[in-house]
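The sequence and the structure come first, and the description follows.

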Amino acid sequence: MGQAAVKGLFRWMPFLFGIGFIAPLIAQSLAWWDISAPFGMSRIAFGLLIGAPWGLYAVLRGRWI
Amino acid sequence: MADGPIGEAHVLDRDFAGVEAFAPATDRPAIPLAGPDGFDRHVRRDLRKQEQAIARQFMGGTMWPYVVAAWGGFALWVSLFPLTMLGIVPLWLAFVVSCVLATGGYVTSHEAMHSNIARPGSRYRWINEWVGQVSTIPIVFPFSMARLMHLEHHYHCNDPQKDPDYNDEAPNALMAWYKTWYNRQPGVDGSIHAYKRILQQMGTPEAARSLKETMWLQLFFMAALFTMAWTGYAIEAALVWWLPRHIGLSYIRFYLSWAPHHPRAGKTGRYENTYVFKSRLGHVMSMCMQTHIVHHLYPNIPNHRTRAAYFALKPVLEQRGVDITKL
């Protein structure tokens with residue numbers, strides 16, 4: 001039970017990484033260079049829009065690129 | 001020592017594995033003396049004795065700098081987090097220092113893997129263990145896993161089925177760098193993913209403990225990154241830990257695994273599984289790996305003494321068929 005949960009957590013880790021790290025990294029990088037997010041979005045929304053699908057892609061494909 | 005049998009009897013048995021044990025039917029000596037390299041048993045024994053006598057001069061020595069480097073380096077690395085978050089140290093400088101510490105940590109850990117800082121049973125054994133424990137935290141590679149997998153690499157060097165580092169093999173340097181990154185992809189059976197699989201197959205209590213420690217360290221790493229990122233320190237987390245870890249892992253994989261062992265296919269013999277090479281970055285920047293063959297022959301010779309040991313051993317190595325032309 002516990003082992004299956006941990007395996008599941010690690011299986012989905014790239015998705016969590018996309019939300020937990022890539023999204024805020026994108027948002028804060030935009031702020032660092034004083035760049036606005038496109039389409040009037042907030043920077044963190046833009047970060048999530050990139051980070052979450054990218055992480056999901058990494059889970060499904062097994063590759064980040 | 002935990003590096004498998006190294007005694008003379010074991011070595012002679014192994015070196016003579018291909019020699020016929022019985023008198024052949026054709027017109028040849030009743031007692032075959034020559035081994036696969038053309039040397040007879042006596043020459044081999046003499047060469048091995050010479051080799052061992054020279055090697056013994058370079059074993060041990062001053063090891064406290066490894067302890068200072070490991071513990072001081074770890075303390076410095078931890079301090080980079082508050083120092084960058086408070087804006088005391090510029091990010092570019094912290095990034096450079098962290099890359100050096102993440103990469104160099106493997107060297108100090110490596111000495112601890114071979115118990116070169118303090119042997120089992122020594123009163124200073126705890127120092128050896130704590131040097132190992134802290135050295136590879138920046139690359140999120142627990143010491144227990146690093147030691148088990150590295151010793152497997154020594155036992156089965158270049159065996160495609162049993163050497164845990166075999167999947168670092170690549171046809172050239174450019175592809176080797178690429179592979180250091182490719183092997184870390186989530187769905188690829190390389191790097192730490194392969195190590196986890198091998199540890200599961202080993203099924204020993206040590207392997208189980210190592211898997212557990214790996215899980216906790218990886219979860220801690222992710223928790224630290226996510227927490228820093230969502231509290232406004234994503235760039236600090238990226239430049240102090242995440243990116244230096246990736247750069248360090250690639251550098252270590254290239255210089256400690258690919259460069260001294262390429263090409264690997266079919267090269268499993270004592271004098272052929274590791275090559276002498278000339279690094280464009282020099283001896284120190286290549287982490288003393290130009291003379292890594294000395295380490296594989298005698299893991300008790302510390303990393304910083306392999307170069308001197310190599311030059312002392314060179315005439316014997318040449319006779320054993322090692323290509324010594326590069327250095």
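## Report on the two chains

Trp64(B) counts as exposed because 9 C-beta neighbours lie inside 10 Å; a residue is called buried if 20 or more other C-beta atoms lie within 10 Å of its own, exposed if 12 or fewer, and partly exposed in between, with C-beta atoms placed from the backbone. This is a predicted model, in which local features need pLDDT of at least 70 and side-chain atom pairs count only at pLDDT 80 or more, while totals for chains, interfaces and linings use all residues. Residues are numbered from 1 along each chain as its sequence is written, and chains are lettered from A and ligands numbered from 1 in the order in which they are written.

Trp64(B) belongs to helix 3 (residues 64-85) of chain B. Helices here are DSSP runs of H or I with at least four residues, strands are runs of E with at least two, and both are numbered from the N terminus. Between the C-alpha atoms of Trp64(B) and Ile127(B) there are 9.9 Å, although 63 residues separate the two along the chain.

**Chain B**

Chain B has 12 helices and zero strands. Of its 327 residues, 38% are buried. Two residues are in contact if their C-beta atoms, placed from the backbone, lie within 7 Å. Among the contacts in chain B between residues at least 6 apart in sequence, 63% join residues at least 24 apart.

Chain B is divided into domain 1 (1-56 + 269-327) and domain 2 (64-261), with bounds that come from an automatic or database domain assignment. Contacts between the domains involve 17 residues of domain 1 and 16 residues of domain 2. The side of domain 1 that touches domain 2 has eight nonpolar, eight polar and one charged residues. In this classification Ala, Val, Leu, Ile, Met, Phe, Trp, Tyr, Cys and Pro count as nonpolar, Asp, Glu, Lys and Arg as charged, and the others, Gly among them, as polar.

| Helix of chain B | Residues | Span between end C-alpha atoms | Expected span |
|---|---|---|---|
| Helix 12 | 306-319 (14 residues) | 19 Å | 20 Å |

Helix 9 has a kink of about 135° centred on Tyr233(B). In the loop between helix 9 and helix 10 (282-285) lies Pro263(B), which is joined to His262(B) by a cis peptide bond with omega of about -5°.

Helix 12 bends by about 60° at Leu313(B), and Pro315(B) follows within four residues. Its buried residues include Tyr310(B), Leu313(B) and Val316(B), and the buried residues of helix 12 pack against helix 2 (41-56) and helix 11 (292-297) of chain B. Ala312(B), also in helix 12, is partly exposed because 17 other C-beta atoms lie within 10 Å. After helix 12 comes Gly321(B), with a positive phi near 90°.

Chain A contains three helices and zero strands. Its radius of gyration is 14 Å, well over the 11 Å that the globule rule gives for 65 residues, so chain A is more spread out than a compact globule. The radius is taken over C-alpha atoms, and the rule is 2.2 Å times the number of residues to the power 0.38. Along its principal axes the C-alpha trace spans about 45 × 20 × 15 Å, and 25% of the 65 residues are buried.

Where the chains meet, 16 residues of chain A are in contact with 14 residues of chain B. Helix 2 (13-32) and helix 3 (43-61) of chain A each give two or more residues to this side. Helix 2 supplies its largest share, 10 residues. By class, the side has 10 nonpolar, four polar and two charged residues.

**Backbone exceptions**

Most residues other than glycine have a negative phi, and most peptide bonds are trans. Phe39(A), which is not a glycine, has a positive phi of about 60°. Phe39(A) lies in the loop between helix 2 and helix 3 of chain A and is exposed, with 8 C-beta neighbours inside 10 Å. Ser115(B) has a positive phi near 55°. Ser115(B) is in the loop between helix 4 (91-113) and helix 5 (125-135) of chain B and is buried, with 21 C-beta neighbours inside 10 Å.

Definitions and conventions
Expected span 1.5 Å × (residues − 1). Bend = angle between axes of the 7 residues up to and from the residue.
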